[in-house]
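Here's a quick tour for anyone opening this structure for the first time. Take a look at the sequence and the 3D view, then read on.

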Amino acid sequence: MEENKIENSQRDLIDSEKSVEKEEKKAAEELAIYDKAIEMLRTVYDPEIPVNVYDLGLIYKIDYDSSDKCLHVDMTLTAPHCPMADFIMEDVRQKLLSVEGPEKLDLRLVFEPEWNQDMMSEEAKLELGYL
């Protein structure tokens, strides 16, 4: 009887270790996709501003859901009536679709909170002469 308890405990421990390994692998995959999405977003520029959309602070959310393999991204524009909105959105869409892993993309244009210059990275502020 004692041997069965030990065997069950060992099985439980092995199952627990496998579960932890699976979660670690999932987390590593999600982080790699997140990093690649940022890398791709840093190649998208507003034609009127010499800074990429990520460093401009136009990206509000990047989330990868491995359960449905969907990359969820919320972004905004520097102004609601930006004349380059369609161009920028399509460029973002194409770049994010090139990220390996996600099978779907949920790209949403949002205007809350309203974008302001404080959302820019230090690098962007320096590039644009705000520092």
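## The overall layout

Keep in mind that this is a predicted model. The chain has 131 residues, and 33% of them count as buried. You'll find three helices and three strands here. Starting at the N terminus, the elements come in the order α-β-β-α-β-α.

How about contacts along the chain? Taking those between residues at least 6 apart in sequence, 63% join residues at least 24 apart.

## The nonpolar core

The largest nonpolar core is made of 30 residues. Val 53, Leu 71, Met 75, Ile 88, Val 92 and Leu 96 are the ones with the most contacts inside it. Several elements give two or more residues to this core: helix 1 (2-41), strand 1 (59-65), strand 2 (70-75), helix 2 and strand 3 (104-109).

Leaving out residues up to four places away in sequence, Val 53 touches Leu 41, Val 44, Leu 58, Ile 59, Ile 88 and Val 92.

Helix 2 covers residues 85-97, which makes 13 residues.

Which residues of helix 2 are buried? They are Ala 85, Ile 88, Met 89, Asp 91, Val 92 and Leu 96. Look down the axis of helix 2 and these buried residues fall within an arc of 160°, so they line one face of the helix.

## Glu 127, out in the open

Glu 127 sits in helix 3 (residues 122-127). Is Glu 127 buried or exposed? Its relative accessibility is 51%, and exposed means over 50%, so Glu 127 counts as exposed.

Even so, Glu 127 has partners from elsewhere in the sequence: not counting residues up to four places away, it touches Pro 50 and Val 51. Glu 127 and Pro 50 are 77 residues apart along the chain, yet their C-alpha atoms are separated by 8.0 Å.

## The cysteines

Two cysteines are worth a look. Cys 70 counts as buried because its relative accessibility is 6%, and Cys 82 is buried too, with a relative accessible area of 9%. How many disulfides turn up in a search of the whole structure? The search finds zero.

Key
Residues are numbered from 1 along each chain as its sequence is written. This is a predicted model: local features need pLDDT of at least 70, side-chain atom pairs count only at pLDDT 80 or more; totals for chains, interfaces and linings use all residues. Side-chain values use heavy atoms; hydrogens and water are left out. Helices (H or I, at least four residues) and strands (E, at least two) are DSSP runs, numbered from the N terminus. The expected span of a helix is 1.5 Å times one less than its number of residues. Buried means under 20% relative accessible area, exposed over 50%, partly exposed in between (1.4 Å probe, protein chains only). The arc is that of the directions from the helix axis to the C-beta atoms. Contact means heavy atoms within 4.5 Å. A nonpolar core is a set of buried Ala, Val, Leu, Ile, Met, Phe, Trp, Tyr and Cys residues joined through side-chain atoms within 4.5 Å. A disulfide is a pair of cysteine sulfur atoms within 2.5 Å.
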